[in-house]
Amino acid sequence: MTEENVRWGILATGGIAAAFTAALVDLPDAEVVAVASRTEESAKTFAERFGIERAYGDWAALAADGDIDVVYVATPHSAHRAAAGLCLEAGRNVLVEKAFTLNSREATELVALAADRGSFLMEAMWMYCNPLVRRLKALVDDGAIGEVRTIQADFGLAGPFPPSHRLRDPAQGGGALLDLGVYPVSFAHLLLGEPADIKASAVLSAEGADLQTAALFSWDSGALAALHCSIVGGTGTSASVTGALGRIDIPDGFFHPERFVLHRDGRDPEEFVLDPADGPRNTLRHEAAEVMRALRAGETESPLVPLAGTLAVMRTLDAVRERIGVRYPQEG
């Protein structure tokens, strides 16, 4: 890193890569110095769009670029293991888009590789870095609503998506669970940790992707979580956390909230709203800023998105897939 800036490389050129790069452009201490795609043409087009100096037509060239402090991997889930592994092998620090990998085995391999190389590694779970979500977690941890009894969360898109779309293509990790369900699952993990028991049901497409999935988690404390994701129906993306002494409601967009309401027994409701200074609700800059903070501090993982938590989420996603009968072609 230079004294002023953290130098980023972007691996992939799709929509989420563009959104994250736009967020980096808004950060005065971030510098995007290179981008890579499977084709040089795609990389050059992306580089011209954002004023990036170097464009590579293969991933290995980006991984070998010693002028990069950290690489953001924005490929489909199916390529996360290969792309992030390539960068870690080359000694790069890496931020990997969620879902982190296709399964917990691949996730464990990446975490071990990062530890072996002494490199920073983090899942791009921007929800965990969101200021309002962090405030909500602090309230729950401080006992504002008492012991958590239930969690409800949903995330669904109306579609329709053709079978070839990445959201439905099993070869790309398609289906509602990994792309959308990772948010409700991660929300439950954030507040209660890894569940003790998992039940799930799903509607599958002809090609074997989950079109919608519902899951019921339980913990030894007696807490329950009812979670839902869909690529065949647009849901309210709401969430609610109920405790022995009250509840917290996020009316919409729970993974990047604009506001939430705290209800406590015997008190008037309290509304918590996004601080305008924190930027628009859909900004990805908070996770980018956390990566840069950790790198400057010499940390190899973020306390906001710890690797143990990422591995636990991947184990839970594996368990849900086992129960609904979804298996990706790469898994044999």
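In what sense do S5 and S6 pair, and over how many bridges? In this predicted model, the two strands pair in the parallel sense, and four bridges join them.

## The parallel sheet

S5 and S6 belong to an open sheet of six strands, which follow the order S3-S2-S1-S4-S5-S6 with parallel pairing. At its edges stand strand S3 (54–56) and strand S6 (121–124), each of which has a single partner strand, so one side of each is left without a neighbour in the sheet. On average, and with direction ignored, neighbouring strands of this sheet are turned by 25° against each other.

Within the pairing of S5 and S6, Val94 stands opposite Leu121 in S6. Helix H1 (residues 15–25) lies across strand S1 (6–11), strand S2 (30–36), strand S4 (70–73) and S5, and the helix runs at about 165° to S1.

The loop between helix H4 (80–89) and strand S5 (93–97) holds Arg92. This residue is buried yet has no salt bridge, and the nearest side chain of opposite charge, that of Asp65, is 6.7 Å away. A salt bridge would require a side-chain nitrogen of Lys or Arg within 4 Å of a carboxyl oxygen of Asp or Glu.

The side chain of Arg92 does, however, reach the backbone oxygen of Ala63 at 2.6 Å. When its neighbours within four places in sequence are left aside, Arg92 is in contact with Ala63, Ala64, Asp65, Gly66, Ile68, Val71, Cys87 and Ser119.

## The mixed sheet

A further open sheet is formed by eight strands in the order S8-S9-S10-S7-S11-S12-S13-S14, and here the pairing is mixed. Its edge strands are strand S8 (197–204) and strand S14 (270–273), each of which pairs on one side only. From one strand to the next, the twist averages 10°.

Strands of a sheet pair through backbone hydrogen bonds, in either a parallel or an antiparallel arrangement. In this sheet, strand S12 (residues 246–250) and strand S13 (residues 259–264) pair in the antiparallel sense over four bridges, and Gly246 has Arg264 in S13 as its bridge partner.

## Helices across the mixed sheet

Helix H8 (residues 176–192) lies across strand S7 (148–156), strand S9 (210–218), strand S10 (224–230), strand S11 (239–243) and S12, and its direction makes an angle of about 160° with S7.

Key:
Residues numbered from 1 in each chain as written. Predicted model: local features only at pLDDT ≥ 70, side-chain atom pairs only at ≥ 80, totals over all residues. Heavy atoms only, no water. Pairing = 2+ DSSP bridges. Axes fitted to C-alpha atoms, helices over the stretch in contact; angles between N-to-C directions. Contact = heavy atoms within 4.5 Å. Buried < 20%, exposed > 50% of the residue type's maximum accessible area, 1.4 Å probe, protein only. Lys, Arg positive; Asp, Glu negative; His and termini not counted. Polar contact = N/O pair within 3.5 Å; in protein donor to acceptor, adjacent residues only side chain to side chain.
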